Amino acid sequence: MAGIITIDSSDLLRVANNIERSAKEVHRLLEWRLSMAARERVNLLKEEAPSQTRTDPRHPIKVRDSFSYIKGSGTRTIVTSTPYKVSIISTGTRPHYIHPLFRKALWWPGLAHPVRWVGPPYTKIHPGTAPNDFIERAFRRYDTMGGDVRHAQVIADMTVIGIATRGPSMQVPMDFGG
């Protein structure tokens, strides 16, 4: 038994308009979700970043205050305005001498007299700093909160690699596509 299928072409325009309207709504919701995920990650970075007790007058921006994100079409880029500080904190430093940049000597309260550098014979050599991988901790916290597990580690790896090589701001693509 063969059935007859009737298509009313007058309704196709309304169906096409509904599909287009639905596609725009889905795109708007995806953009909103990307912004929410980026904002959550930026907030976690700000929470995990080490607190800075003193501020260098030449570089007054604190690491915690340096993170934000840039909105692109279908992407969000986490940036920092202090990539040099983030790099030093993330990777740490080896023991080293400290030399004055603008004067002939160094001095701070508690030091008997100004010194030409930090290190022998004037003082002990600076012991260096241990790495503080606050970026990875922030993304792991995002994962445990139910975040997008697939991309968090990739982004953390790209962040650590990209800090020193990306010029004035660290840019990390955030792609939540499947």
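Two strands count as paired if DSSP finds at least two bridges between them. Helices (H or I, at least four residues) and strands (E, at least two) are DSSP runs, numbered from the N terminus.

Ground rules next. This is a predicted model, so I kept its limits in view: local features need pLDDT of at least 70, side-chain atom pairs count only at pLDDT 80 or more, and totals for chains, interfaces and linings use all residues. Residues are numbered from 1 along each chain as its sequence is written, and side-chain values use heavy atoms, with hydrogens and water left out.

**Entry: the hairpin**

I looked up the turn. Two residues lie between β1 and β2, and Gly-74 in the turn has a positive phi of about 80°. Across the pair, Ser-68 stands opposite Val-79 in β2. I then checked cover on β2 (residues 75–80): five of its six residues are buried. Buried means under 20% relative accessible area, exposed over 50%, partly exposed in between (1.4 Å probe, protein chains only).

**Entry: the whole chain**

I counted four helices and three strands. Along the sequence the pattern reads α-β-β-α-α-α-β. Of the 178 residues, 29% count as buried. The accessible surface is about 12300 Å², and 61% of it belongs to carbon and sulfur atoms. These areas come from the Shrake-Rupley method with a 1.4 Å probe; for residues, only the protein chains shown count as cover. Contacts (heavy atoms within 4.5 Å) came next. Among those between residues at least 6 apart in sequence, 59% join residues at least 24 apart.

**Entry: helix α1**

Does the span of α1 agree or disagree with its 37 residues? I took the expected span as 1.5 Å times one less than the number of residues. That gives 54 Å for α1, and its end C-alpha atoms are 54 Å apart, which agrees. I listed the buried residues of α1, among them Leu-34, Arg-41, Leu-45 and Glu-48.

Glu-31 also sits in α1. Glu-31 counts as buried because its relative accessible area is 12%. Beyond neighbours within four places in sequence, Glu-31 is in contact with Lys-71, Gly-72, Ser-73, Gly-74 and Arg-76.

**Entry: the core**

I looked for nonpolar cores (sets of buried Ala, Val, Leu, Ile, Met, Phe, Trp, Tyr and Cys residues joined through side-chain atoms within 4.5 Å). The largest has 14 residues; those with the most contacts inside it are Leu-45, Val-63, Phe-67, Ile-78, Val-86, Phe-134 and Ile-135. Helices α1 (12–48) and α3 (134–144) each supply at least two residues of this core. The largest share, five residues, comes from α3.

Which residues does Phe-134 touch? Not counting residues up to four places away in sequence, Phe-134 touches Leu-45, Glu-48, Ala-49, Pro-50, Val-63, Phe-67, Val-86, Ile-89 and Ser-90.

**Entry: aromatic rings**

I searched the whole structure and found one aromatic pair. Phe-67 and Phe-134 form it edge-to-face, 6.1 Å centre to centre with 65° between the planes. Phe-67 is in strand β1 and Phe-134 in helix α3, 67 residues apart. Both Phe-67 and Phe-134 are buried. Rings of Phe, Tyr and Trp (its six-membered ring) pair if their centres lie within 6.5 Å; planes under 30 degrees apart count as stacked, over 60 as edge-to-face and the rest as tilted.

**Entry: helix α2**

In α2 (residues 83–91), I found Pro-83, Lys-85, Val-86, Ser-87 and Ser-90 buried. Their cover includes β1, β2 and α3. Gly-92 follows α2, with a positive phi near 75°.
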